[in-house]
Amino acid sequence: MSHSAVLRSLQTIVPDTVLRQEEVRDVFAAQPGLGRLATRIVNTSFNGSGIDTRYTVIDELSLESDAEDPQFFDRSNGALLSPSTKTRNEVYVREAWKLYVDVARASVEADPDITPADVTHLITVSCTGFHAPGPDYEIVRALGLNDNVQRYHFGFMGCYASMPALRAASQFCAADPDAVVLVVSVELCTLHLRTSEDPDMIVATSLFADGAAAGLVTARSFDSSVPGFALDRFHTGIIPEGKKDMAWTIGDEGFEMILSTAVPQLIGENIFDALRPLYAPEPELAAAFDDRSIGEQVAHWAIHPGGRSILDRVEERLQLSPEQLTPAREVLRQYGNMSSATVLFVLRRILEEEGARDGERVAAMAFGPGLTAESALMTVVAPRG
C-alpha cells in the first residue's frame, strides 16, 4: 500500500449550554396550537431518539437562563419563537468563529510535531451558517497561520461533508508530500430548530445539536508516535430514490431540514450497492463484504449517527456486533446529531476509548442530502499504550 495521508490530533468541543432531552421534549410538546397527533409524534421522536443530552450556543434555551429580550424561547410563557433566517445567521456569525478557532487551536496544540507554521492548507466544513470573510479567515489570523495558507470551505453539503473534506485533504497530501492540512467542522444545528406540525421537522428537532471537531491530515513523517488513522480509500455512493427524503433548504425562518422516516429503510435497502466499491480493491475484504462477514475483517465502525434507527439498520444489514456500534451510539447519546462534525467525534472515540490497536481497520460512513453515502476505509496508526 502506498504511504497514506494520516489523520491525527483529532479534537472535539461542544458549546457550554446543555439541553436535556426530556426537558426539550416537554417544551416542544407543550407548544400552543400543537395538535394531538403532533404532540404524540414529539413524545415518540424524543423518547426513541437514543439521545440523553445535546449542546447549543443558544443560552436562552437553558432552563436556568433568564434572557431579557428572548429571540428563540420565551420562558415567561414557554413559547418557542421563530426568528428570521437573518437573526439566526447573525447568531452563527457571533458564535461559530469562536468554536472554529478553539477547536482548530486545540488540534494544533495537541500535536507534538506540527506547529501553525507547518500548516499549508485549511479546510472548513459547515452547513448551518454563512459569512465572509469566514471562519477560515478567523482561524488563519487567530492561530498565526501563514497568510498564504490555501483555504477551502465545504459548505451546505449536510451531514456527510467531513468525509469529502478528509478525501480532499488526502489528495492535497498526495499532490504535495510536505502538505499539512487542518480540517475543521463546526455545526450550529440548533439555530434552525423550531416548533412544527410536520412529522419530518419534528424528527429533526429531536436529533440535531451543536458541535465542533478538527484534525490534521499529513503524509509527512515525524519523530513522535502520534495515534491516528491512515486514510486508505474513499467512495461516494448515491441512493437516488432518497433525493426527496433528505434535503436541506433555506427558508425565511431558518434553514429547513427534511429527514423523512423512510431514510433508514432506504439506507438498509441500498447499503450494499453504496459500499461495495469501497472494499472491491482488496479481495479479502470484498469477499467478506459479500458474505456479510465484513465485521470480522474490519474491527471498528465510525458510522454517522443520523438517528438511532439508521444505526439499527446498518448494524442489522452488515451483521455488525453491538460493540462495533457502541462508538456511534454513545456519541449520539451524549451529543445528538451534530451534522458534519459527528463522524469526527465517533472517530476520536474509537481512537481514545475503544482500545483501537495499530493496524486494525476502520470503516467510516456518513449519509446526507440526495441520499449521498460517503464512506472511507482507514487503518489505525500507532495508538497510545
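Q: What am I looking at, before we start?
A: This is a predicted model, in which local features need pLDDT of at least 70 and side-chain atom pairs count only at pLDDT 80 or more, while totals for chains, interfaces and linings use all residues. Residues are numbered from 1 along each chain as its sequence is written, and side-chain values use heavy atoms, with hydrogens and water left out.

Q: Okay, where does UniProt put the "active site"?
A: UniProt places that feature, from an unreviewed entry, at Cys159; such annotations may be inferred rather than shown by experiment. Cysteine 159 sits in the loop between strand 7 (150-155) and helix 5 (162-175), where helices (H or I, at least four residues) and strands (E, at least two) are DSSP runs numbered from the N terminus.

Q: Is cysteine 159 buried or exposed, and why?
A: Cysteine 159 counts as buried because its relative accessibility is 6%, and buried means under 20% relative accessible area, exposed over 50% and partly exposed in between, with a 1.4 Å probe and protein chains only.

Q: What is cysteine 159 in contact with?
A: Leaving aside neighbours within four places in sequence, cysteine 159 is in contact with Phe208, His304, Asn337, Ser339, Ser340, Ala366, Phe367 and Pro369, contact meaning heavy atoms within 4.5 Å.

Q: How many cavities does the search find?
A: The search of the whole structure finds 2 cavities of 30 Å³ or more. On a 1 Å grid over the protein atoms alone, a cavity is a set of points where a 1.4 Å probe fits but cannot get out, a pocket is an open set with protein on both sides within 12 Å along at least five of seven lines, and lining residues have an atom within 4 Å of a point. Grid points are joined across faces, edges and corners, and a volume is the space filled by probe spheres set on the points.

Q: Which residues line the second largest cavity?
A: Cys159 is one of them, and the lining also includes Phe208, His304, Asn337 and Phe367; the volume of this second largest cavity is about 60 Å³.

Q: And the largest cavity?
A: The largest cavity has a volume of about 160 Å³, and among the 18 residues that line it, Cys189, Ala204, Phe208, Trp248 and Met257 lie nearest its centre. Helix 6 gives the largest share of that lining, with 3 residues.

Q: Switching topic, where is threonine 128?
A: Threonine 128 is in the loop between strand 6 (121-126) and helix 4 (135-143), and it is buried, with a relative accessible area of 1%.

Q: What does its side chain reach?
A: The side chain of threonine 128 reaches the backbone nitrogen of leucine 188 at 2.8 Å. It also makes a polar contact with the side chain of serine 126 (3.5 Å); a polar contact is a pair of N or O atoms within 3.5 Å, where within protein one must be able to donate a hydrogen and the other to accept it, and residues adjacent in sequence count only if both atoms are side-chain atoms.

Q: Last one: what about the largest pocket?
A: About 390 Å³ of space lies in the largest pocket, and of the 19 residues that line it, the closest to its centre are Ser45, Gly48, Val203, Thr261 and Ser309. Helix 10 gives the most to this lining, with 4 residues.
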